[in-house]
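Biologist: I have the model open now and would like to go through it with you. Could we start with how the helices pack?

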Amino acid sequence: MNGTIGIIGGTGPAGRGVAMRLAKAGYAVSIGSRDAARASEVVGAMAVPTEGSIRGVANEDAASADVVIVATPWDSAVATVKALRDQLADKVVISMVNALIREGRELVPLYPSRGSMAAQLASALPSSRIVGAFHHLPAAQMEDLESGLDADVVIVGDDAPARELVASLVNEMPGLRGVIAGTMSLASAVEAFTAVCVSINIRHKAHSYVKLEGLAT
Ligand SMILES: NC(=O)c1ccc[n+]([C@@H]2O[C@H](COP(=O)([O-])OP(=O)(O)OC[C@H]3O[C@@H](n4cnc5c(N)ncnc54)[C@H](OP(=O)(O)O)[C@@H]3O)[C@@H](O)[C@H]2O)c1
């Protein structure tokens, strides 16, 4: 894929992990924050791969990239992207947002009114091309390029060319394989399954991740 990538809310573990693997694939990545100075500070502490670049910017600047990833907590995602609606128009916008809450030793899924956070973002950004991806990835292993991660990224959305573009992008990222599951109707199950993944890791004190067996590629 040609172009730049911006990550809104990219200063958290999830955004940093995705940024590292995109930079390793050679991309110029902008990590966005509500506070550009904080984003610069966060990037300054990262071991950025020389194949690409990562810079810390305001969320507004991250939203001006060619492809934009949303990596804020679920309860601020809609308000955050609504404020950036004009910059995000006509773009592929990837939601990695999971709506989860902790109950004892488990994380359990919440179900937003439209079924998934990806669908909530699609509703908030009617002129953007929303794709769901990266939901199940363990952030710490993503950020550590030496972790040996070999994970699948389940991709959903109603815009078929946008899904294909995201799958190509994922396949360029070391340690990841993009697997298109289907339409936005599946986003609810994909996001909810993250609660299962995290709860397994808590219960088994593990760092497991999703890898599908039996696919031809
Ligand atoms: N952690 C994982 O392993 C993982 C894996 C896959 C998907 N996800 C999903 O990815 C998203 C981010 O996860 P995370 O663990 O990185 O979360 P996080 O650290 O809690 O939040 C990410 C960033 O969002 C910004 N943020 C926080 N509160 C906000 C608010 N009220 N309004 C706007 N921005 C706000 C913060 O950046 P600034 O303060 O710099 O603005 C923060 O660094 C979540 O939806 C999560 O479900 C996480």
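Biologist: Is the crossing of helix 4 and helix 6 left-handed or right-handed?

Modeller: This is a predicted model, and in it the crossing of helix 4 and helix 6 is right-handed. On the side of helix 4 the contact is made by Trp 74, Ala 77, Val 78, Val 81 and Lys 82, while helix 6 contributes Met 117, Gln 120, Leu 121 and Ala 124.

Biologist: And how do the residues of that contact divide by class?

Modeller: Seven of them are nonpolar, with one polar and one charged residue making up the rest of the contact between helix 4 and helix 6.

Biologist: At what angle do the two axes cross?

Modeller: The axes of helix 4 and helix 6, the latter covering residues 117-124, cross at roughly 20 degrees and come within 9 Å. Since angles under 35 degrees count as roughly parallel, helix 4 and helix 6 are therefore roughly parallel to each other.

Biologist: Switching to the ligand, which residues come nearest?

Modeller: There are 24 residues around the ligand, and of these Gly 9, Gly 12, Ser 33, Ser 76 and Ala 139 come nearest. By class, the shell holds 11 nonpolar, 10 polar and three charged residues.

Biologist: Last one, how many helices and strands does the chain have?

Modeller: The chain has nine helices and 10 strands, and its C-alpha trace spans about 40 × 40 × 35 Å along the principal axes.

Technical notes: Residues are numbered from 1 along each chain as its sequence is written. This is a predicted model: local features need pLDDT of at least 70, side-chain atom pairs count only at pLDDT 80 or more; totals for chains, interfaces and linings use all residues. A residue is near a molecule or strand if its C-beta atom, placed from the backbone, lies within 6 Å of it. Ala, Val, Leu, Ile, Met, Phe, Trp, Tyr, Cys and Pro count as nonpolar, Asp, Glu, Lys and Arg as charged, and the others, Gly among them, as polar. Axes are lines fitted to C-alpha atoms, for helices over the stretch in contact, and angles run from 0 to 180 degrees between N-to-C directions. Helices (H or I, at least four residues) and strands (E, at least two) are DSSP runs, numbered from the N terminus. Angles under 35 degrees count as roughly parallel, over 145 as roughly antiparallel, 65 to 115 as roughly perpendicular and the rest as oblique. A crossing is left-handed if the near helix is turned anticlockwise from the far one by less than a right angle, and right-handed if clockwise. Two residues are in contact if their C-beta atoms, placed from the backbone, lie within 7 Å.
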